[in-house]
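Dear colleague,

Please find below the structure that I am handing over to you. My notes on its disulfides and cavities follow.

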Amino acid sequence: MGCDRNCGLIAGAVIGAVLAVFGGILMPVGDMLIERTIKKEVVLEEGTIAYQNWVKTGTEVYRQFWIYDVQNPQEVVANSSKIKVKQRGPYTYRVRYLAKKNITHDPENHTVSFLQPNEAIFEPSLSAGTENDTWTVLNLAVAYNNTADGVYTVFSGKDNISQVAIIDTYKGKKNLSYWPSYCDMINGTDAASFPPFVEKTRVLRFFSSDICRSIYAVFGAEINLKGIPVYRFVLPSTAFASPLQNPDNHCFCTETVISNNCTSYGVLDIGRCKEGKPVYISLPHFLHASPDIAEPIEGLNPNEDEHSTYLDVEPITGFTLRFAKRLQINILVKPAKKIEALKGLKRNYIVPILWLNETGTIGDEKAEMFRKRVTGKINLLGLVEITLLSVGVVMFVAFMISYCACRSKKVK
């Protein structure tokens, strides 16, 4: 009887040890299986999850415009007073609802080329007025109709997953021809996705044709998006900092008068890619801009929640599941003797014209599919690993304690 009991306790301990070992072995093996599956599914080729969502996004993307209505134009012209503005809007358009066009695969270079349609549909129910409001810049929003952005050529990741979705060329070139030195380089992806297995320490680099340059985002927070854990990466203030604050930005300062010898910050002169027009880009309401930029303008109220740019990236796949791109378009206005309305000005102004908010969030149906095919399986595997390891350890310890107790009683 004693032998049977002891044998049973030893057998239980052995089973527990086997379960614990199996659970421990499953962890690296499971991680390896997950890594292999992810590497397969994020490649930009027909049949993968990435390709299905890349060709046509399942996310509804909206672009909202707020127009700055100048309240005192005569006073400004006569006295070079501060410009008083009041924002009007939003005027909302649905964009990026069409599939990519002219998709061409290059199996030798492992690249994919495409055009991104930019058609826009006005959404009256999401807007504060109509397209016929007299104080709006009507054609600016509608200009996205019947145009396409590209051609983009990106790496498919077939031969090197760390390169997936990274832009090889834009309009057939690896550089932009707008900026000196490395500032002219096309870096990163188009921000729709990034190479998988994103860590918090990674700097996410991406190219935006809207601002005619490559830019970057850094980790900000962990967030749960519709049951999917994501990392929020934010556009830091250093991206538009002056060369004094961020020496890496020295080649984005291309003149010394308006920039006060490159000491002003928070705005970017993109005139070179706008046919020489005096266009400046900033964050809305001059968020993170130097005081000299915002000082001549009254009516601005910058805040991080409404005016910052961010990307919510699922870290295992590198897919961007939610984003908010916020930009402001400004025009340089300065004294001009040959223009009646400007010849009396005594100062330069960087005048805000409008700011836009382009947002997109993964839909409920796509989120459910993502949970089932990606995060759900990973969580289930993790649960099995922990359960086997925990149950095995508990069984082993419990049966060994019982066995030792029985042996101790028998000795006595």
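How many disulfides does a search of the whole structure find? The search finds three, a disulfide being a pair of cysteine sulfur atoms within 2.5 Å. A disulfide is a covalent bond between the sulfur atoms of two cysteines.

Please note that this is a predicted model, in which local features need pLDDT of at least 70 and side-chain atom pairs count only at pLDDT 80 or more, while totals for chains, interfaces and linings use all residues. Residues are numbered from 1 along each chain as its sequence is written, and side-chain values use heavy atoms, with hydrogens and water left out.

Disulfides

One of the disulfides is formed by Cys-183 and Cys-251, with the sulfur atoms 2.0 Å apart. Cys-183 sits in the loop between β7 (167-170) and β8 (204-208), and Cys-251 in the loop between β10 (228-234) and β11 (267-269), so this pair ties together parts that are 68 residues apart in sequence. Strands here are DSSP runs (E, at least two residues), numbered from the N terminus. The link of Cys-183 and Cys-251 is right-handed, with 70° about the S-S bond. Cys-183 has a relative accessible area of 4% and is buried; buried means under 20% relative accessible area, with a 1.4 Å probe and protein chains only. Cys-251 is also buried, at 1%.

Cys-212 is joined to Cys-273, S to S 1.9 Å. Cys-212 belongs to the loop between β8 and β9 (213-225) and Cys-273 to the loop between β11 and β12 (279-282), so the pair ties together parts that are 61 residues apart in sequence. Both Cys-212 and Cys-273 are buried.

Cys-253 and Cys-262 form a disulfide with an S to S distance of 2.0 Å. This link is left-handed, with -85° about the S-S bond.

Cavities

The structure also holds three cavities of 30 Å³ or more. A cavity is a set of points, on a 1 Å grid over the protein atoms alone, where a 1.4 Å probe fits but cannot get out; lining residues have an atom within 4 Å of a point. Grid points are joined across faces, edges and corners, and a volume is the space filled by probe spheres set on the points. The largest cavity has a volume of about 260 Å³. Of its 23 lining residues, Phe-252, Cys-253, Ser-264, Val-267 and Leu-268 are the closest to the centre. The largest share of this lining, three residues, comes from β11.

Yours sincerely

Terms used: Helices (H or I, at least four residues) and strands (E, at least two) are DSSP runs, numbered from the N terminus. Buried means under 20% relative accessible area, exposed over 50%, partly exposed in between (1.4 Å probe, protein chains only). On a 1 Å grid over the protein atoms alone, a cavity is a set of points where a 1.4 Å probe fits but cannot get out, and a pocket is an open set with protein on both sides within 12 Å along at least five of seven lines; lining residues have an atom within 4 Å of a point.
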